[in-house]
Amino acid sequence: MKFNNNMYKKISLSILILCIQFAAIAQTHQSTLYPVVLQFQSECCGVPADTSLKLYVQSFRKKYKIKKKLKAVHIGPMGKEGEYWLAFSLKELNKKQRSFFINQLKPVVIKLKDPGSVTLIENMSVQSSDLPSRATSESDFF
């Protein structure tokens, strides 16, 4: 069977279209690994205030002389009562500081309740396709 120029073009075009489709599918299933994710949950009447979290981050930055604000990705809404996630990349910290930050954050999170609660999850992979369709991601700085 002989291939002419027209057949080569059709085959090349088909392969190109398949590659584009696979790339589009891969982008919709992107996941990001975060060292720590805080899940703010409601148990009837809204989620806890993040005031003590902000105070903790502020004092941590001061104690360890971290000049850059810590970036968190605010993901939500996750439900009907204001539920959301705060995903910290902690790229502003070195490895030792990351460990200190997470370990010292745990007791702060336990106190974040009424209304609702907060769950701390370490090394969580967040996949965009698993989020509610109305959820958005916005950068938040502490």
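**Loops, helices and contacts in the model**

Biologist: In which loop is Leu90 found?
Modeller: The model is a predicted one. Strand S3 covers residues 84-88, and helix H3 covers residues 95-111. Leu90 is found in the loop between S3 and H3.

Biologist: Is Leu90 buried or exposed?
Modeller: The cut-off for buried is under 20% relative accessible area. Leu90 has a relative accessibility of 0%, so Leu90 counts as buried.

Biologist: What is the phi of Leu90?
Modeller: Most residues other than glycine have a negative phi. Leu90 is not a glycine, yet its phi is positive, at about 60°.

Biologist: Asp114 also has a positive phi; where is Asp114 placed, and is it buried or exposed?
Modeller: Phi of Asp114 is near 60°, and Asp114 is placed in the loop between H3 and S4. Exposed means over 50% relative accessible area. Asp114 is at 71% relative accessibility, so it counts as exposed.

Biologist: What is omega for the peptide bond that joins Asp114 and Pro115?
Modeller: Most peptide bonds are trans. Pro115 has its place in the loop between H3 and S4. The bond joining Asp114 and Pro115 is cis, and its omega is about 5°.

Biologist: In what order do the elements of the protein run from the N terminus on?
Modeller: The secondary structure comes to three helices and five strands. From the N terminus on, the order of the elements is α-β-α-β-β-α-β-β.

Biologist: At roughly what angle do the axes of H2 and H3 cross?
Modeller: Two packed helices are described by the angle between their axes and the distance between the axes. H2 spans residues 51-63 and H3 residues 95-111, and their axes come within 11 Å. The crossing is right-handed. The angle is roughly 150°.

Biologist: How do the residues of the contact of H2 with H3 divide?
Modeller: From H2, the contact involves Ser52, Leu53, Tyr56, Val57, Phe60 and Lys63. These meet Gln97, Phe100, Phe101, Gln104, Leu105 and Val108 in H3. The residues of this contact divide into eight nonpolar, three polar and one charged.

Biologist: What separates the C-alpha atoms of Trp85 and Val73?
Modeller: Trp85 has its place in strand S3. Trp85 has a relative accessible area of 16%, under the 20% cut-off, and is therefore buried. Leaving aside neighbours within four places in sequence, its contacts include Val37, Leu38, Ile75, Met124 and Val73. Trp85 and Val73 are 12 residues apart along the chain, and their C-alpha atoms are separated by 7.8 Å.

Biologist: With which side chain does the side chain of Ser117 make a polar contact?
Modeller: Ser117 is in strand S4 (residues 117-127). With a relative accessible area of 17%, Ser117 is buried. Residues that Ser117 touches, not counting those up to four places away in sequence, include Gln39, Phe40, Pro48 and Leu112. The polar contact, at 3.0 Å, is with the side chain of Glu43.

Biologist: What separates the C-alpha atoms of Ala49 and Lys113?
Modeller: Ala49 has its place in the loop between strand S1 (31-41) and H2. At 53% relative accessibility, over the 50% cut-off, Ala49 counts as exposed. Ala49 and Lys113 are 64 residues apart along the chain, and their C-alpha atoms are separated by 8.1 Å.

Biologist: Among contacts between residues at least 6 apart in sequence, what percentage join residues at least 24 apart?
Modeller: The protein has 142 residues, of which 33% count as buried. Of the contacts between residues at least 6 apart in sequence, those joining residues at least 24 apart make up 76%.

Definitions and conventions: Residues numbered from 1 in each chain as written. Predicted model: local features only at pLDDT ≥ 70, side-chain atom pairs only at ≥ 80, totals over all residues. Heavy atoms only, no water. Axes fitted to C-alpha atoms, helices over the stretch in contact; angles between N-to-C directions. Helix = DSSP H or I, 4+ residues; strand = E, 2+ residues; numbered from the N terminus. Left-handed = near helix turned anticlockwise from the far one by under 90°. Contact = heavy atoms within 4.5 Å. Nonpolar A, V, L, I, M, F, W, Y, C, P; charged D, E, K, R; others polar. Buried < 20%, exposed > 50% of the residue type's maximum accessible area, 1.4 Å probe, protein only. Polar contact = N/O pair within 3.5 Å; in protein donor to acceptor, adjacent residues only side chain to side chain.
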